[in-house]
Amino acid sequence: MKTSTKTATPDSQTTNDSVPRRRAAKSTAKPESEPESERGSERQARILVLGGTGKTGGRVAARLARRGLPIRAVSRSSHPAFDWDDPTTWPAALDAVTAVYIAYAPDLAIPGATETIGRFVQQAARQGARRLVLLSGRGEAEAQRCERLVQDSGLDWTVVRASWFSQNFSEGEFLDMVLAGQISLPAGDIKEPFVDLDDLADVVVAALTEAGHAGQVYEVTGPRLLSFAEAAAEIARASGRPVEYHQISQQAFLAGVAQSGAPDNLAWLLDYLFSTVLDGRNAQLCDGVQRALGRAPTDFATYASRAARSGVWQAPA
Ligand SMILES: NC(=O)c1ccc[n+]([C@@H]2O[C@H](COP(=O)([O-])OP(=O)(O)OC[C@H]3O[C@@H](n4cnc5c(N)ncnc54)[C@H](OP(=O)(O)O)[C@@H]3O)[C@@H](O)[C@H]2O)c1
């Protein structure tokens, strides 16, 4: 999912610069999307990771591969390719699969996602999958409808219902704004408990590989509520760069989205996320990481320090 790649400037309010980039982010954690073992043993039972090049799928695939578990990490660019919009690509991806990590793209709230998830779940069951782990979003009625389809599948299921990702600032939609020093959004002072994706991936891997997680809805959040201004301050502190939050109106935000040439479904999604989902409904902490892993979630300051050390926020040459 891509929007303009234009870089933000501090003064812009209605340009592309205010548009968060819902790009098909490539995770810094290298996915093992085509393990050698895939070719030699076509029928070996394996774990299917959807969105295998994405921020969460990449991390999940890398963790499973490090454990030596047989995986198949797929997306539109893998071999075999998997495309949510082309069900003829699904059977090859699901061949000899025991468990599936379902990360839908671009978002479960998009019109049509529920039907697609329902169809995919039926196909997975028909082909013999026994365990489904669904990545879902908090406070989205449409996502909760998709959760119910997975819960009613007759298969073992786990739902990982996530707050907004910390890594949106370093690997996703908000990275360019961070690099430009100004995060321009219509977020107001609503607080969000940003979740670290390394925690989320650990929860997903536990649910895919361990007993005891079937039938659980893990609502995963970070341990602290932050406004976007507070998140910007943490990033500035960790990176040593000036990064500020700049409030813009929803109207200016949407004008920027339109100006960026974003596709209709992306424009719809961004409007929905900032006007509806980010209204305070998710401004509470949840214990999904603690319940699934028996440890506390990672604080945003720790995430920011790690991201700064990775060099992702260094000024482009
Ligand atoms: N960002 C947040 O704060 C947040 C919070 C809660 C939940 N979520 C959920 O997280 C999910 C996205 O996961 P993510 O962040 O790990 O992904 P991501 O980094 O946005 O990457 C998208 C992944 O999906 C693949 N993809 C894109 N279009 C596809 C298609 N039509 N068919 C098959 N694969 C496709 C991409 O690879 P190719 O381009 O190679 O196909 C890539 O692997 C969404 O369902 C979203 O609702 C996000």
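**Note on the sheet, its helices and the ligand shell**

1. Six strands, taken in the order β2-β1-β3-β4-β5-β7, make up an open sheet whose pairing is parallel, where two strands pair if DSSP finds at least two bridges between them. At the edges lie β2 (71-74) and β7 (216-220), each of which pairs on one side only, and the twist averages 15° from one strand to the next. Helices (H or I, at least four residues) and strands (E, at least two) are DSSP runs, numbered from the N terminus.

2. This is a predicted model, in which local features need pLDDT of at least 70 and side-chain atom pairs count only at pLDDT 80 or more, while totals for chains, interfaces and linings use all residues. Residues are numbered from 1 along each chain as its sequence is written.

3. Strand β1 (residues 46-50) runs parallel to β2 and is joined to β2 by four bridges; Ile47 has Ile71 of β2 as its bridge partner.

4. Helix α7 (residues 197-209) lies across β1, β3 (97-102), β4, β5 and β7, at about 175° to β5, whereas helix α5 (residues 141-151) lies across β4 and β5 (156-162), at about 170° to β4. Axes are lines fitted to C-alpha atoms, for helices over the stretch in contact (C-beta atoms, placed from the backbone, within 7 Å), and angles run from 0 to 180 degrees between N-to-C directions.

5. The ligand is surrounded by 28 residues, the closest being Gly54, Thr56, Ser75, Arg76 and Ala105; a residue is near a molecule if its C-beta atom, placed from the backbone, lies within 6 Å of it. Both α2 (55-66) and β4 (131-137) supply at least two residues of this shell, and α2 gives the largest share, three residues.

Methods:
Contact = placed C-beta atoms within 7 Å.
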